[in-house]
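Subject: Structure handover

Hello,

I am passing on the structure we discussed, with notes on what came out of the analysis. Please keep the model open while you read.

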Amino acid sequence: MTTMHELENHFGRLWTECQNCAKTMQDKVNCSARDCPIYYMREKVRNELSEANTVIERFGSPCFSPSIKPC
């Protein structure tokens with residue numbers, strides 16, 4: 001879960017950077033700069049988020065509570 005949270009935060013920071021570059025804070029970012037390292041980092045993190053989400057869906061959300069009830 002920590003990794004998922006870190007990936008979400010990283011993606012959010014990269015997305016904000018792309019919005020600033022495109023000068024659009026409300027619309028979808030349509031980046032056409034093929035040499036932009038931020039774009040490629042953002043796509044890499046997007047793929048990592050997708051993989052992490054698949055793992056969470058496969059195994060379920062972890063339960064850290066030592067309660068008697070099942071999670």
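The notes below go from the chain as a whole to its core, its aromatic pairs and one loop.

This is a predicted model, in which local features need pLDDT of at least 70 and side-chain atom pairs count only at pLDDT 80 or more, while totals for chains, interfaces and linings use all residues. Residues are numbered from 1 along each chain as its sequence is written, and side-chain values use heavy atoms, with hydrogens and water left out.

Overall

The protein chain contains two helices and zero strands; both terms refer to DSSP runs, with helices being H or I of at least four residues and strands E of at least two, numbered from the N terminus. Of the 71 residues in the protein chain, 18% are buried. Buried stands for under 20% relative accessible area, exposed for over 50%, and partly exposed for anything in between (1.4 Å probe, protein chains only). Among contacts (heavy atoms within 4.5 Å) in the protein chain with a separation of 6 or more, 66% are between residues 24 or more positions apart.

H2 has 23 residues and spans 33 Å from first C-alpha to last, close to the 33 Å expected at 1.5 Å a residue; the expected span is 1.5 Å times one less than the number of residues. Arg-42, Val-45, Leu-49 and Ala-52 are buried in H2. After H2 comes Gly-60, with a positive phi near 90°.

Which residues make up the largest nonpolar core? The seven are Met-4, Leu-7, Phe-11, Leu-14, Val-45, Leu-49 and Ala-52. H1 and H2 each supply at least two of the core residues, and H1 gives the largest share, four residues. A nonpolar core here is a set of buried Ala, Val, Leu, Ile, Met, Phe, Trp, Tyr and Cys residues joined through side-chain atoms within 4.5 Å. Leaving out residues up to four places away in sequence, Leu-49 touches Met-4, Leu-7, Glu-8 and Phe-11.

Aromatic pairs

The whole structure holds two aromatic pairs. Phe-11 and Trp-15 form a stacked pair, 6.2 Å centre to centre with 20° between the planes. Rings of Phe, Tyr and Trp (its six-membered ring) pair if their centres lie within 6.5 Å, and planes under 30 degrees apart count as stacked, over 60 as edge-to-face and the rest as tilted. Both Phe-11 and Trp-15 lie in helix H1, four residues apart, about one turn of the helix. Phe-11 counts as buried because its relative accessibility is 18%, whereas Trp-15, at 22%, counts as partly exposed.

Tyr-39 and Tyr-40 form an edge-to-face pair, with 5.3 Å between centres and 80° between the planes. Tyr-39 is partly exposed at 24% relative accessibility, as is Tyr-40 at 44%.

The loop

Thr-24 sits in the loop between helix H1 (2–22) and helix H2 (37–59). Its relative accessibility is 14%, so Thr-24 counts as buried. Residues up to four places away aside, Thr-24 touches Gln-19 and Val-29. Gln-19 lies in helix H1 and is buried, at 10% relative accessibility. Neighbours within four places in sequence aside, Gln-19 is in contact with Thr-24, Met-25, Asp-27 and Val-29.

Regards
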